[in-house]
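Subject: Structure with ligand, and notes

Hello,

Here is the structure I said I would pass on. My notes follow below it.

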Amino acid sequence: MKIAVIYWSGTGNTAAMAEAIADGAKENGGEVSLFSVNEFSGSIKDYDKVAFGCSAMGDEVLEEAEFEPFFMSIENDISGKKIALFGSYGWGDGQWMRDWEERVNDKNANLYDTGLMINGMPDDDGKEICKEFGKNFAAY
Ligand SMILES: Cc1cc2nc3c(=O)[nH]c(=O)nc-3n(C[C@H](O)[C@H](O)[C@H](O)COP(=O)(O)O)c2cc1C
């Protein structure tokens with residue numbers, strides 16, 4: 001089972017989530033590839049499952065210079081695919097994630113659970129939550 005974890009992170013918070021999610025998915029037998037969005041050059045069609053991560057930016061939106069154009073370019077390929085969403089946030093109530101979930105559901109993707117949100121940098125408990133999320137996504 002091939003799993004890609006593709007994320008954008010400004011200050012490393014979502015990156016730390018991505019690493020823990022990738023570790024968890026590996027524990028459950030996934031062949032996991034971890035990319036920051038500017039490192040990813042393949043096709044998401046080559047993966048059985050994809051976890052996307054992006055922090056809350058702008059005014060409750062995905063980061064607009066790199067992640068949003070990337071996501072827009074691949075969102076027509078996620079229909080029927082097992083997708084997970086995650087990201088770090090600051091002062092908001094998670095509106096960016098609810099909008100992102102709706103967008104993924106509108107494409108008829110197979111969204112795992114709800115998007116995983118962590119406030120700021122994940123602490124040890126937060127990293128454990130991310131790991132479990134990755135583990136369960138690999139089994140999904
Ligand atoms: C330009 C900018 C815009 C932001 N907008 C939001 C926002 O709308 N809602 C929110 O909850 N946090 C917002 N934040 C806070 C970040 O989501 C938060 O610091 C997060 O932990 C950053 O994660 P990262 O290091 O993975 O980018 C914003 C931060 C910056 C720098």
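For the counts in these notes, Ala, Val, Leu, Ile, Met, Phe, Trp, Tyr, Cys and Pro are taken as nonpolar, Asp, Glu, Lys and Arg as charged, and the rest, Gly among them, as polar. With that division, the lining of the largest pocket is made up of four nonpolar, 11 polar and two charged residues. Please keep in mind that this is a predicted model.

The pocket

The volume of the largest pocket is about 250 Å³. It is lined by 17 residues, of which Ala56, Met57, Ser88, Tyr89 and Gly90 are the closest to its centre. Two elements, α1 and β4, each give the lining at least two residues.

The ligand

Where is the ligand? It sits in the largest pocket. The elements that contribute two or more residues to the shell around it are α1 (13–27) and β4 (82–89). There are 19 residues around the ligand, and those that come nearest are Ser9, Thr11, Ala56, Ser88 and Gly92. By class, the shell around the ligand holds five nonpolar, 12 polar and two charged residues.

- Thr11: a polar side-chain atom is 2.4 Å from a ligand oxygen.
- Asn13: a polar side-chain atom is 2.8 Å from a ligand oxygen.
- Thr14: here a polar backbone atom is involved, 2.7 Å from a ligand oxygen.

How much of the ligand's accessible area does the protein cover? On its own the ligand has 640 Å² of accessible area, and the protein covers 77% of that.

Backbone

Most residues other than glycine have a negative phi. Glu60 is not a glycine, yet its phi is positive, at about 60 degrees. Glu60 belongs to the loop between β3 (49–54) and α2 (67–74). Asn108, also a residue other than glycine, has a positive phi near 60 degrees. The place of Asn108 is the loop between α3 (95–106) and β5 (110–111).

Regards

Key. Residues are numbered from 1 along each chain as its sequence is written. This is a predicted model: local features need pLDDT of at least 70, side-chain atom pairs count only at pLDDT 80 or more; totals for chains, interfaces and linings use all residues. Side-chain values use heavy atoms; hydrogens and water are left out. A residue is near a molecule or strand if one of its heavy atoms lies within 4 Å of it. A polar contact is a pair of N or O atoms within 3.5 Å; within protein, one must be able to donate a hydrogen and the other to accept it, and residues adjacent in sequence count only if both atoms are side-chain atoms. Accessible areas come from the Shrake-Rupley method with a 1.4 Å probe; for residues, only the protein chains shown count as cover. On a 1 Å grid over the protein atoms alone, a cavity is a set of points where a 1.4 Å probe fits but cannot get out, and a pocket is an open set with protein on both sides within 12 Å along at least five of seven lines; lining residues have an atom within 4 Å of a point. A molecule sits in a cavity or pocket if more than half of its atoms lie within 2 Å of its grid points. Helices (H or I, at least four residues) and strands (E, at least two) are DSSP runs, numbered from the N terminus. Grid points are joined across faces, edges and corners, and a volume is the space filled by probe spheres set on the points.
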